[in-house]
Amino acid sequence: MSPFRRFTTLWFPEVGWRYLVAIAAVIVSLFPVVFVVSAALNPQGTLSSAKLIPDEISATNFQRLLTETDFPRWFANSILIATFSSFGAVFVSALAAYAFSRFRFRGRRPGLMFLLLVQMFPQFLAVVTIYLIFARVTELYPPLGFNSGWGLMLLYLGGALGVNTWLMKGFFDTVPSSLDEAATIDGASHAQTFFRILLPLVAPVLAVVGLLSFITIMNEFLLANIFLTQSPSKTLAVGLYGLVASQRDNNFGLFCAGTLLTAIPTVAIFYGLQRFIVGGLTAGAVKG
Amino acid sequence: MTAVASGPRRSVPRVALSARSTAGLVAKIGVLALVTALAVALTVPLIAEGSWGLVAILVAVTLAIYAIYLIPGLIPAKYLVPGTLLLIAFQVIPVIFTIFIAFTNYGDAHRGTKEQAITAIQTSSVRQVEGAPAYRLAVAVPADDPGGDVVFLLQDPSTGEVLLGTVDGLEPIDAEVSATGGITAPGYTTLTVAEASARSADVQALIVPTENGGIAAQGFSQAFEGVATLSYDPDCDCVTSVDGDVYSADETRGAFVNEEGDRLAQGWQVPVGLSNFARVLTDPIIRANFLSILVWNLVFATAVVGVTFGLGLVMALALNSPRVRGLKTFRALIVLPYAMPAFAMMLLWRDIFNRDFGLINTLLGIDVNWFGDPTTARIAVVLIQVWLAYPYMFLVCTGALQAIPAELSEAATLDGAGRFQNFRHVMFPLLLVAVAPLLIASFAFNFNNYNAIALTTEGGPFPPDSPQAGATDLLISYTYRLAFGSAGADYGLAAAVSVFIFLIVAVISLIGFRRTAALEEINRGG
């Protein structure tokens, strides 16, 4: 067989097309990101001057972003709100998943069904009421009201059960209950069994739920946009939106610099926990 | 046997428990102390305000928490309480209230009680009378909240006393008047003329109620007391104007209406039964908007899920082979869009589709007004969402493919199945069972994907005759505009649309889950 024929009949249908698909996918995935990098480094800083390959490179946009806007505050707000909320979400849904996975009690099945149902009415559909309720809360307890991260975090925690609990319960069920029973016989209380025995064993699903909550909250815009109207209290999503809402062309370089800095924590956490993700996502899926 | 066996078994945990659970006891006391402190802190403003109903609820919840954590047993409840409380407070109650509001006419035109509406009608009808005394005026804002409501600092011309004027009325305030006439008061920041004119709409809207009418600003340095041209008469439960018009209270509409059927703008909140739902289904404009948005909403969610799943599956199949070198690098680069902050990338894509400077038009050398035309705008928002979401499907499909036992496809190959047949009849059905729940979840998510619209087209382009419903609007962004848009809030209608969205998503998900269950049964049977 000639080398050419071997290429077309053996290598390409078996392996070659795989490279073609992969390279095409990489190009599609990367080009907007490359554009962000080049616009962030382009000192002219406007949308009209932005190109894939900039003519010159400088850190002007980053300097202006950090000194002329409230970006450092937005960054800190986002990280704090997302970190606290995702830890809180992991904690309360792990507690609930433990109860649903390990105990048989009255109302267990209705409870699980209720979580599934509640999830179909996401919080933001009640956005009108949430606004009205928190207008009252702002009058009564300003630290929990509008322009405060605390109220927003509580709100995010209100949506923490639901899909998270189902995902975790599915994973908890795969841990043999003989382990818990052995611990109980050794004299462990239910709390000790939960914190010392079970939690370390289900670390992968905790990581996945934590990561998904973190990414979701970093990206949450609808509720944050209602809650946080004063610049120092804004999150990255609300702040960066405001930056390009009015001055779209002029602030484009600033915006891209902000996008890059925003990407650092999410990309770092994502690649750090990546090995858990595929397993965690499909473990939940297979369990339904 | 039981007595003998359970004797030693019981005694072991008891010893261990008393030794080990000191830390647990301390933690329990600490948490309960924290709950108590929080409950007290939350109660204080409620008592000050006299909201005894809320105080009672708070006390009951606190006592229930004590009971659950102090009574031995009730173990599942101990683990379910934290999440359930948050769920009830911040999701279930808002949902119930939303359904409740859907049955009222709550909105800008029907904001409060009838008394509040009467006050608002009387003060907003204030007209200046000739020869009325002119107050010296300074426009101010609270010092700790520069974006808050504007207030008037008014110097009485006859006494020289300075009064603080707000929507609630007049009250004396300890203020200083400079030689040039500037008025400053502690706790407030006096605005310059330029600053005040930036908020001139708020300044003009503020009328300080007084006995006979109200005080309104004229310019930014003078204010006049005027008389109300509309006044409420409790005897006939009606509002009469100085021209002799009579507007009687209509308790079913929550508004004052005259004989010609004209109503005064400010009404009050009343239950309106099913009329909001009826408006969605029968009002010609709202129904047309709702139906066209619903159709597009279904197309959007289906297209996004379909395309991302197709692309993700092809890529997962392509990279599911040990013969590809640099597999890990390829995977890491392909999933990058999933790791990037989605909100920022949506804003970026909006600019990539920009007609004048956007990368797409520049690179391809075309001049398409992407967001200006309904069809291209819809294509653009689907493409943007596909870019953001296909790495997720790629990850999911990769995981599902790896979970399929290799023996199955080997067996099929031995039975003489070709590669395509193998995929079509063995791999794909198994894969579908694994990912179907995620496809349904993804559909439900995209059905309400507010960000995908709000951060890109903002619902546009809008037809010239309908500023409320744009070509790319989803039901959720339409609801948001009804509630918070510039055309004035209609919370009742927005809540009714929310209830419809809930019903639609619930029905679709139920059908989806049914079919998934059926799918699973079929595969098990086969």
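Helix H3 (residues 52-70) of chain B gives the most to the nonpolar patch, with three residues. The members of this patch are Leu54(B), Ile57(B), Val61(B) and Leu85(B), and its area is about 310 Å². Leu85(B) sits in helix H4 of chain B and is partly exposed at a relative accessible area of 34%. Patches are built from residues with over 30% relative accessible area and no salt bridge; like charges are joined within 9 Å, and nonpolar side chains (Val, Leu, Ile, Met, Phe, Trp, Tyr) within 5 Å. Areas follow the Shrake-Rupley method with a 1.4 Å probe, and for residues only the protein chains shown count as cover. Buried stands for under 20% relative accessible area, exposed for over 50%, and partly exposed for values in between (1.4 Å probe, protein chains only). Helices (H or I, at least four residues) and strands (E, at least two) are DSSP runs numbered from the N terminus.

This is a predicted model, in which local features need pLDDT of at least 70 and side-chain atom pairs count only at pLDDT 80 or more, while totals for chains, interfaces and linings use all residues. Residues are numbered from 1 along each chain as its sequence is written, chains are lettered from A and ligands numbered from 1 in the order in which they are written, and side-chain values use heavy atoms, with hydrogens and water left out.

Chain B also carries a negative surface patch, formed by Asp243(B), Asp245(B), Glu259(B), Glu260(B) and Asp262(B). Asp and Glu count as negative, Lys and Arg as positive, and His and the chain ends are not counted. A charge is placed at NZ of Lys, CZ of Arg, CG of Asp or CD of Glu. Asp245(B) belongs to the loop between strand E13 (238-241) and strand E14 (246-250) of chain B; at 33% relative accessibility, Asp245(B) counts as partly exposed.

Helix H6 (residues 149-158) of chain A is largely enclosed by the rest of the structure, because seven of its 10 residues are buried. The buried residues include Leu152(A), Met153(A) and Tyr156(A). In chain A, the buried residues of H6(A) pack against helices H3 (71-102), H5 (127-140), H10 (203-219) and H11 (222-227), and in chain B against helix H4 (75-101). Contact here is heavy atoms within 4.5 Å.

Over all chains, the whole structure has 10 salt bridges, each being a side-chain nitrogen of Lys or Arg within 4 Å of a carboxyl oxygen of Asp or Glu. Three of them are tabulated.

| Pair | Closest N and O atoms |
|---|---|
| Glu68(A) and Arg64(A) | 3.2 Å |
| Lys169(A) and Asp173(A) | 2.8 Å |
| Arg350(B) and Glu458(B) | 3.8 Å |

Glu68(A) and Arg64(A) are four residues apart in helix H2 (residues 60-68) of chain A, about one turn of the helix. Glu68(A) is exposed at 53%, and Arg64(A) is partly exposed at 30%.

Lys169(A) and Asp173(A) are also separated by about one helical turn, because they are four residues apart in helix H7 (residues 163-174) of chain A. Lys169(A) is buried at 13%, whereas Asp173(A) is partly exposed at 37%.

The pair in chain B links distant parts of the chain, 108 residues apart: Arg350(B) lies in helix H12 (residues 342-352), and Glu458(B) in the loop between helix H17 (450-454) and helix H18 (475-484). Arg350(B) is buried at 4%, and Glu458(B) is partly exposed at 41%. Salt bridges with shared partners also join Arg136(A), Glu139(A) and Glu49(B) into one network.
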